[in-house]
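We will go from stop to stop, and at each one you will hear what to select and what to look for.

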Amino acid sequence: MPFDVSPAPVTAVLGPTNTGKTHLAIERMLGHKTGMIGFPLRLLARENYDKIVRLKGVRAVALITGEEKILPSEARYFVCTVESMPLDRQVDFLAVDEIQLAGDPERGHVFTDRLMRARGLEETLFLGAETIRPLLARLIPKARFQTRRRLSRLEFIGPRKITRLPRRSAVVAFSVADVYVLAELVRRQRGGAAVVTGGLSPRTRNAQVAMYQDGEVDYLIATDAIGMGLNMDIDHVAFAAASKFDGRVPRKLYAPELAQIAGRAGRHMNDGTFGTTGDCPPLEDELVAAVETHQFEPIKTLYWRNEALSFDTIRDLMRTLEERPPYAFLIRTRDADDQQALEALSRLPDIADRATSRSRIRLLWDVCQIPDFQKTMTESHARLLAQVYTHLTDGSERLPSDWVAEQMSRFDRTDGDLDTLSSRVAHIRTWTYITHRGDWLVDAGEWQQRARAIEDRLSDALHDRLTQRFVDRRAATLIRKLKDEDAELMAAVTIDGSVLVEGHRVGHLDGFSFVPEAGDSTETKPLLAAARRVLPDEIARRVARLEADVDALFALDDRARVMWRGARVAHLVPGDSAWSPEIRVDANELITPPLRDRLHARLKTWFEAHLEDAVPKLVQLRRADLTGTARGILYQVLEGLGGAPSPSVDSLVKDLDDSGRKDLARIGVRLGTESLYIPQLLKPKAVRLRALLWSVANDQWPDEGPPPEGRVQVARAAETPAAYDVAIGYARLGGRAVRVDMVERLAAAVRQAARQGPFVISADMLSLAGVDHTTFAAMLDDLGYRKVGEVPAAPDTPTPNAPKSEVTGPGAPGQPAMPPVTETSEDSRDSLDSGDLSPTTETETVMPVSVAVSETPTPAVVSEVAGVDLQQTDAPETESSEVEPTETESTEAEAPPPRPMVPLFQRQQRARRTKGRQRAASGDAAATEPATDPIESNKPPRKTRRGRRGKPADARPANTTAAGAESKPDRGRPPHAKHGGGQHLPRPPREPQIDPNSPFAVLAQLKIKVSGGSSGGA
C-alpha cells in the first residue's frame, strides 16, 4: 500500500468508550518534543486544550479550530479539530481521535484523508473503535494494533419513566425541540436539568456541563453531541428516541452509534447503565447484546474525496472533486456543504467573471469552505459567501471594515428567546471563522477579539435563558440540601398556608393535607420529612379553629365531600341506612388519632344540624313513634328518603285504619294515588340533599343530577336511574322526571276526564303538564292509559297532526319557546306545606301549548262514545256521486274541510284495579260508580265509600241494601248521611248526556242524516 508515507511506526489503539484511549494519546504526545492531535469536535478539542495548558503552560500549547486559533509563537503542541489540522507542519507525534468516523457519510472523507496522509515524524497514533480494524489494516499493512478493554461494565436496565430516572442520568434526544420538551418536564419534576446540543457555543456548553458536574442539577438532556468523548460523571444514559434524521431521511441508530452514546455512562471503574424512556420503542435484544459486549459488524466502506484538486478553471475544480476513489472499499462522499456552495456560486455571472485565475479559483474554494453553523445552507448563507468573495476580489482584496462592523453588529444583541439567541450564536460563529482568516481583514486580531466578545455575550445570555427555563434554582438548592441527611432545614408555615423550607415554598396546606409543589416527584418524602417539623403544630391550631367555627363555614359539595373554609376535610360514606350516612375524616398522616376524634365529633354535630335545616321533616320522621301498619308505611317512606311509589305500599295502605291515616297525616305524609310523599321535602334544598344521600348509599353519581331549582319537570337521559328520581321526589313519566305533587295533579285531571269514558288530550292537560301532545301521550302510557281509537278534533282541541301553519302559542314558528313549568316564588313553595294541590295557583307559571305532530290519521276509525256508533262510512261520497250539484251550487255549498283526527285514551286494566272489576262483573252496581278522587285519600273518607272490593256476592256479610247489594264494613269510617248511614243504594240509571256542540254529537247527527237520506232515495 502506498499510504505508509513515513518510516515511523503507526499504531492503532482500538476499543469501546471509557478505555482511556484519549488519555493515552495525550501522555504519548507530551512525551515528545512536538506533537499534534486532532479531535472530532471543537468542544472536545477545547476541553483537552485546557487540560494540556494546565500541564505545559499557555505558551506551549496552540488551539486550532475552524472558529478559534490560539497560536503562541513558542507553541510545541497543537490541539485541533480534525478538519483544521495543519498537515504542512512537521511534528514528532501525531494522533487522530475517533478514526472510525471515516465511515461517516458527511465527514468521513476528512478522516479518511488523515488516515492516508497524516503522519508524525517519530510516532503516529490512530484512536477509534474496533469496527475500523479490517479496513485500517488494508490501508496501512504495517500498522500495529492495540485493543483496550472497557474499564467498567455497561448494562441495559430497560425502560424507565423520565420521572423515575436515577440521579446523574443523561437523556438523549435527536432534535433541539425534543431536548427542550424533555428539559421542561425534568424541571417540573426534578428541579432542573442541564442542556447540551451541538449548536451551542463552547462557552455555553461548558457552563451547562459545569452546572451538571458541580451537582447543581442531577440530569443532563442532550443530543448525540455527548457521544464524542465528552467526559462527564454520568451513571445512566436513557434514550428518548432510537432514530434520527441523518440529513436526508430519518433512520434508526446503528448499533455502533448507539454504543458510542450509551458508553458515556460509567467512568473509570464505575459501572454504567443504559435504557429507554419516554416514547422510545423497546430496543431489540440483539442490539442490546451487541452494545453490552461491544461486538459490532466491521465497517465495510470508507468515504473518500479527492484532495488533489485542480484550480485551473472552476470546471476543473468541480471535475476533480467528483473523481472516483482508487479502491473498491472507498466510496465518494456525497456533495458536502462546501461543494454545494461552489456549485451555487459558480452559477452567478459576477462570480464566474471574477474567478478567472488559479489564485481567484483557490480563493473561491476557500470562501466556499466558510461553515454554515445553522446547517441550513439557506439562500442567505450563499449570499453572504458571494459578498465575501466580491469584496476579496475588489480593490485592496480585503473585507471592508465598515461592512464587517455592520454585519457583526446585527447579531450583537442579547434580547430574545432561546431560538433567537441560538440563531445569533450560529451567525456570529460564522464571523468568528472569517475573522480567523488573517489575510482577509485589516487588523484581523482586533476583529477576532470583537467577534469573540460578541459570541461570549450571546453564549452567556443563552446559558442564562437555558438556566431560567430549565432549572429551578431554589428547588435544585433544596434538593442538594436534602441529600445531606445531617443538614438542619428551617421550615415554617405562612398565614395563607404556604409551607416554606429553607425559605423556599415547597407546598401548601389544603385544609389539613400537605400538597407538595413537586407533584409526584420522588422528592415528596424528603420534603414531607422537612415540613413535618412545623406541620404538627399548625395542624393542631387548625383543628382548634375548626372546632370554634360556626356552621355557616361548613358545606357539602356535589360529591358529598365536607368542605371547611373551601378545603376538603371529610366525606360521607354509607351508614346503617340511606338517610343516616357516616362522616369519615379524610386520610391524612399528619392528623394524630386524638385530633381525628375531635374533628369527627365537630363534623358530626354540624351534619346533624345541617340535616335539621335542610330536611327537618325527614328528621322528624326518624323520631316519629308510630305503630302497626302506619309504622310499616313510615319505614318505607324513610327508606325512600321521604317518599315511595304507591304500588310498593298498596297492600299496606289498604290495611291502614283511620287512626293510622291520621297519624301519617299529622307527620306530613300524603297518600297519593301514584306516590306517597311529603310536600316539605320537595323544596330545592331538600331535593339536593336527598340526591346526595341516595348517591352516597348507592355509590352512583348521575351526570344529570337533581333538576334545577324550582323545576317541576325536566327531560331525563335513559341512563339516569329511575330510582334516583324516586329518591328525590320525582317520578318518571314519558321520559321526563316530574315532581310527585305535579304527578298527582296530572293524574287527577286525567281521571276526571276518564270518568266519562274514552277521552282526548285537552289544552288544559297540556298546559298543566307544560309539554307537547306527543310527550303527554307518553306520560299517559306511564300513568296506565292506552290509545283506543281516534275521533275528529273539536275546534279547541289540541291535535298532534295539525298543520304547522296552525300552530300557535309559545313554541310556534316565530313565537318564543314555551318556558318550563316552574315555581318562581316562595309562596309556591309554601303551598307544598299547606297541601294546596289545586289545578292552578297564582304562584305557578303555566303556559298553554298547541303542538303539531306529523302523523297521518287513519281513514276509518271505530269508536264508541256514550253509546253512539261513530264509524265512518263512504256514504257521503256515494251521495255526492249520485247527485251532482251545479257549479254555482257546488261553490255555495262546498263542504268544510275534514277535521284532523285526535287519539282517544282510556284506562288500562291494571292489576291493582282487578278486584273492583271482578266485583263489577259479578253484578255489583256500585262497582260502576266513579271512584272517589284518590288525591283526597288523606282526608276523612266519604260516607259513600263502598265496601271491601273483590268479594263475590255469596261471600259478603249478610246485611244488604234494599236492592240486594251488600253493605261494606266501614272500617271505622263515619257513615254518610246521604246514603242512609253507610248503606249502599242502587243508583238510578242515567241517560247519556251528550253536548249538542261536541264532535260526538255532530258525528251522530251526521250519521243519522246520511242513513235517512239513503233510505229516502230508495
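The chain goes from S11 through helix H6 (residues 202-213) to S12, a β-α-β crossover that is right-handed. Right-handed here means that, with the strands pointing away from you, the path from the first strand over the helix to the second runs clockwise. Helices (H or I, at least four residues) and strands (E, at least two) are DSSP runs, numbered from the N terminus.

Before moving on, a word on what you are looking at. This is a predicted model, in which local features need pLDDT of at least 70 and side-chain atom pairs count only at pLDDT 80 or more, while totals for chains, interfaces and linings use all residues. Residues are numbered from 1 along each chain as its sequence is written, and side-chain values use heavy atoms, with hydrogens and water left out.

**Around strand S12**

Now show strand S11 (residues 194-196) beside S12: the two run parallel and are joined by three bridges. Two strands count as paired if DSSP finds at least two bridges between them. Select Val172 as well, and you will find that its bridge partner in S12 is Ala222.

Are its faces covered or open? Both are covered, with Tyr219 and Ile221 buried on one side and Leu220 and Ala222 buried on the other. Buried means under 20% relative accessible area, exposed over 50%, and partly exposed in between (1.4 Å probe, protein chains only). In a regular strand the side chains alternate between the two faces of the sheet.

Select S27, S28 and S29 together. They form an open sheet in the order S27-S29-S28, with antiparallel pairing. Strand S27 (643-645) and S28 are at the edges with a single partner strand each, so one side of each has no neighbour in the sheet. S28 and S29 are paired in the antiparallel sense over two bridges, and Arg670 stands opposite Tyr677 in S29.

Then pick Thr673, in the loop between strand S28 (670-671) and strand S29 (675-677). Thr673 is buried, because its relative accessible area is 7%. Which side chain does Thr673 meet in a polar contact? Select Arg751: the contact between the two side chains is 3.3 Å. A polar contact is a pair of N or O atoms within 3.5 Å; within protein, one must be able to donate a hydrogen and the other to accept it, and residues adjacent in sequence count only if both atoms are side-chain atoms. Also try a distance from Thr673 to Ser646, 27 residues apart along the chain: their C-alpha atoms are separated by 6.3 Å.

**Two residues with positive phi**

Most residues other than glycine have a negative phi. Go to Glu98, where phi is near 55°, a positive value. Glu98 lies in the loop between strand S6 (93-96) and helix H3 (108-117), and it counts as buried because its relative accessibility is 8%.

Jump to Asp699, where phi is near 55° and again positive. Asp699 is in the loop between helix H25 (684-698) and strand S30 (713-715). Is Asp699 buried or exposed? Asp699 is exposed, because its relative accessible area is 64%.

**Helix packing**

Select helix H12 (residues 358-368), whose buried residues include Ile361, Leu364 and Trp365. Show H9 (314-321), H10 (337-346), H11 (349-354) and H13 (379-392) too, as the buried residues of H12 pack against these helices. Contact means heavy atoms within 4.5 Å.

For another helix, select Arg542 in H19 (residues 535-548). Arg542 is buried, because its relative accessible area is 9%. Not counting residues up to four places away in sequence, Arg542 touches Gly497, Leu509, Gly511, Phe512 and Trp564.

**Zooming out**

Finish with the whole chain, which has 34 helices and 38 strands. Buried residues make up 47% of its 1018 residues.
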